[in-house]
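Thanks for coming. I will go through one model this morning, piece by piece, and define the terms as they come up.

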Amino acid sequence: MIKVNNVDKDTIRSSNIKLIINLLFNKRELTKQEIAKETGLSIPTVINITNELIEEGLVEESGVGQSSGGRKPIIITFNPNSKYSFGVEINSKYIRIILTNLDANILEDEVIRFNGAFKLNENNITNIFDEICKIIKVISLKRNIKDSSILGVGFSLPGTVNEEKLFLELAPNLYVKNLDFHYIEEKLNMKVYVENEANSAALAELRLGIAKDMRNLVYISIREGVGTGIVVSGYLYKGKNKRAGEFGHMTVEKDGRVCTCGKKGCWEVYTSSEVILEEYNVISKNKVKSFEEFFKLIDTVDKNAMKVWDKYLDYLAIGIHNIILIMDPHYIVLGGDISEYDKYLIEPLKNRIFQNNNFFCEEDLKIITSRFKENSSIIGASILPIEKLFFINERIL
Ligand SMILES: [Zn+2]
């Protein structure tokens, strides 16, 4: 007989718990009999685990189902408001903090804005981290949420991260290297998770958006930098050194403009969202401050705005074309600052990408904007702690 030691027993039990939570998360309500049938677990195991989950508040008994003879079975319902998670997004313009429930619905939303480009450094980092912790505490108090009901804090960061060491390794747009997030974990006494912003956004699509059915997609996050998150067969692809998807720094112009990374001619130098307003304001006497103003000018067929937008789309299309050639995905998902402006973006991009293309045609893949628009990265960040509770494997390659 094979001896099962305690470690193995714990592992099996923990994966059985995740299996049941996962099932109830997706189906919302089931009887214990149905849970047993769907998971292949025995009825006593299901009863034991659901009792534990009821005690934790994650699920509740909510009436009786149809009986096929005998006693009517009790329905077990998933409770999305039993636990909470914080998502934090840091970029050079603002820090945003959200509280979500288990369905990643945003319940609280706070923003700290900076004047001009924000640079993190040794002098201001403790203050910034303290401010984030303060806001998290205030939100918890306001909502009357116990620490034990908070699964953790997930950070979406604009650079390469090491999630095991809890480090932001390199973020040229924040002018920072090797930023350690253990400080926040200790100060709040909550589990902290870090992830690259494009990967966070891809994770949101993977769990709740377009990639739920385990397809291949490349999420392109267009902000002050351009990052990409890659999903392959339902797994987030990170690569050997966890730096996969730095398509923003592929060269599109030999000896082109200098990038914040030190190289020349990187894709993001021509396609970051900043470029649009900057270029327009250089050639036009009429200055614009927002994308809303810029796209209004496009509506009026303003010559300068059209010129800037055409050139911008040309460069965006070059990079997307390269990514399609490399990845052959089901979806290209565009997110970030300009994802609200679908109607100016998608059709002209398709024309540029698929015209005279011998490799791909429009039917081969979909180019769309993100389901969560500008919220995708921060929702992805708040999913990070929830991931640990729900999902059996981490879905990372
Ligand atoms: Zn670069």
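**Hairpins, a sheet and a zinc site**

Strands β13 and β14 make a hairpin with two residues between them, and in that turn Ser233 has a positive phi of about 45°. Before going on, the ground rules. This is a predicted model, where local features need pLDDT of at least 70, side-chain atom pairs count only at pLDDT 80 or more, and totals for chains, interfaces and linings use all residues. Residues are numbered from 1 along each chain as its sequence is written, and side-chain values use heavy atoms, with hydrogens and water left out.

Helices (H or I, at least four residues) and strands (E, at least two) are DSSP runs, numbered from the N terminus. Two strands pair if DSSP finds at least two bridges between them. In general, strands of a sheet pair through backbone hydrogen bonds, either parallel or antiparallel.

Back to the hairpin. β13 and β14 run antiparallel and are joined by three bridges, with Val231 opposite Leu236 in β14. On to another pairing: β12 and β13 also form a hairpin, with three residues between them. Their pairing is antiparallel over six bridges, and Val218 stands opposite Ile230 in β13.

Is β13 enclosed or open? Six of the seven residues of β13, residues 226-232, are buried, so the strand is largely enclosed by the rest of the structure. Buried means under 20% relative accessible area, exposed means over 50%, and partly exposed is in between (1.4 Å probe, protein chains only).

How does β12 run relative to β15? Strand β12 (217-222) and strand β15 (331-336) run parallel and are joined by six bridges.

Now the whole sheet. Five strands form an open sheet with mixed pairing, in the order β14-β13-β12-β15-β16. At the edges are β14 (235-237) and β16 (366-369), each pairing on one side only. From one strand to the next, the twist averages 25°. Helix α11, residues 342-354, lies across β15 and β16 and runs at about 160° to β16. For these angles, axes are lines fitted to C-alpha atoms, for helices over the stretch in contact, and angles run from 0 to 180 degrees between N-to-C directions. Contact means heavy atoms within 4.5 Å.

Next, the metal. Which residues coordinate the zinc ion? They are His249 (ND1), Cys259 (SG), Cys261 (SG) and Cys266 (SG), at 2.0 to 2.3 Å. Donors are N, O and S atoms within 2.8 Å of the metal (3.2 Å for Na, K and Ca); water is not among the atoms, so sites may look incomplete. The site is tetrahedral, with angles of 104 to 122° among the four donor atoms; for four donors, that label needs all angles to lie between 85 and 135 degrees. The spacing of the donor residues in sequence is H-x9-C-x1-C-x4-C. Cys266 is buried, with a relative accessible area of 1%, while Cys261 is partly exposed at 36%.

Last, two single residues. Asp103 is in the loop between β5 (94-100) and β6 (106-113). Leaving aside neighbours within four places in sequence, Asp103 is in contact with Phe25, Arg28, Phe78, Pro80 and Leu208. Glu122 is in helix α4, residues 122-143, and counts as exposed, at 75% relative accessibility.

Note on methods. Tetrahedral: all angles 85-135°; square planar, octahedral: opposite > 155°, others 65-115°.
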